[in-house]
Every structure is written in structure tokens, then in C-alpha cells.
Amino acid sequence: MDDLLKVGIITNTHGLKGEVKVFPTTDDARRFLDLSEVILDTGREKMTLEIEKVRFFKNLVIVKFKGLDDINDAEKYRQKDLYVTRDQAVPLGENEYFIADLIDLSAVSDEGEELGVIADVIQTGANDIYVIRKQGMSDLLVPAIRDCVKKIDLDEGMIEIHLLPGLREIN
């Protein structure tokens, strides 16, 4: 399991005073109001940034970090990811999981067939879709609904899937 959870991506600068536009990758963008700091992954290092101010514009979060006081300071962090530690994470409800914990789980059918590994989770309006990848095969897209997902065991690193008729492509 990853120790850090992604909460957003800096997409661009905003104005001249060092503010940045953040595309939230969390279910609730308003959680930025409760954060005092985030971890920025520059690609070479991870650094902690203290949040000075947060506001919202359309589907973006406008964030002002302490120490980034003009557009030139902020420009170098475009397209960089923002993370929080697990202790800063929003508590999960029953049968809820962080996407980071689902990636790379071994997927097995309820009939014992090795399906592959979860390579991605697509978030839609209705329900998530698990992208299961197996070398030499087309990706298998499985809706994250009770009829399909029978068991998730993070300790064992596996997920048990019931394949409803029509989910598997016939080759």
C-alpha cells in the first residue's frame, strides 16, 4: 500500500501572485479546506507545501501556497501531483477503498480463473469501473457493483470477480 494518496494535480498558474489551479483527484474537492499542507511530487523530490488560501472555481481548486508568491515561483510546478499522508486521508466507510490500494490487486473469477491485475479504476457518475489487464488479452472492464465484485482482500492482494454475461469479449 502506498503511504501517500493523490488528492490533485496542479494544472496551471492562476493570476500573478503565485496561486495555482488544482484539478482534484479526490471524491470531495472541499476537503482542501481542511488541509494545512500537501506533499508536492516534483519528479525529483517530494516537498511539503503549506496551504495559505483555498477557493473554488468551476471544477478546480485555486490554492495559494506559502512561499510561492509570484507566477514564476508557481510556473515550475505545472502538471505536478499533490499528495496527502494516510493519516490526513478522509475516513472510509464500509466497503470503500482507496484507488491506490486497488491498483495491482490480483483479479480472480469466482470460478477460480486468473483474470489479471487491476491496472486502473475509471470513475463514472454511476459506479467505478475496474480495468483488469492480462498480458496478451484485451482489457476487461468490470463495474464495481455487488453483483460483480464478490470479495476484496487487501491483505491477500486479491479481488474476486463474478463475470456477468456479456462482460467478457469473445475472441
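A salt bridge here is a side-chain nitrogen of Lys or Arg within 4 Å of a carboxyl oxygen of Asp or Glu. This is a predicted model, in which local features need pLDDT of at least 70 and side-chain atom pairs count only at pLDDT 80 or more, while totals for chains, interfaces and linings use all residues. Residues are numbered from 1 along each chain as its sequence is written, and side-chain values use heavy atoms, with hydrogens and water left out.

Q: Why is the pair of lysine 46 and aspartate 41 called a salt bridge?
A: The closest N and O atoms of lysine 46 and aspartate 41 are 3.7 Å apart, and the cut-off is 4 Å, so the pair qualifies.

Q: What makes arginine 55 and glutamate 19 a salt bridge?
A: Their side chains meet at 2.8 Å, N to O, and the rule asks for within 4 Å, so this pair counts too. Arginine 55 lies in strand S4 and glutamate 19 in strand S2, so the bridge ties together parts that are 36 residues apart in sequence. Strands are DSSP runs (E, at least two residues), numbered from the N terminus.

Q: How do you know whether glutamate 19 is buried or exposed?
A: Buried means under 20% relative accessible area, exposed over 50%, and partly exposed in between (1.4 Å probe, protein chains only). Glutamate 19 has 11%, so it is buried.

Q: What is the label for arginine 55?
A: Arginine 55 has a relative accessible area of 34%, so it is partly exposed.

Methods. Helix = DSSP H or I, 4+ residues; strand = E, 2+ residues; numbered from the N terminus.
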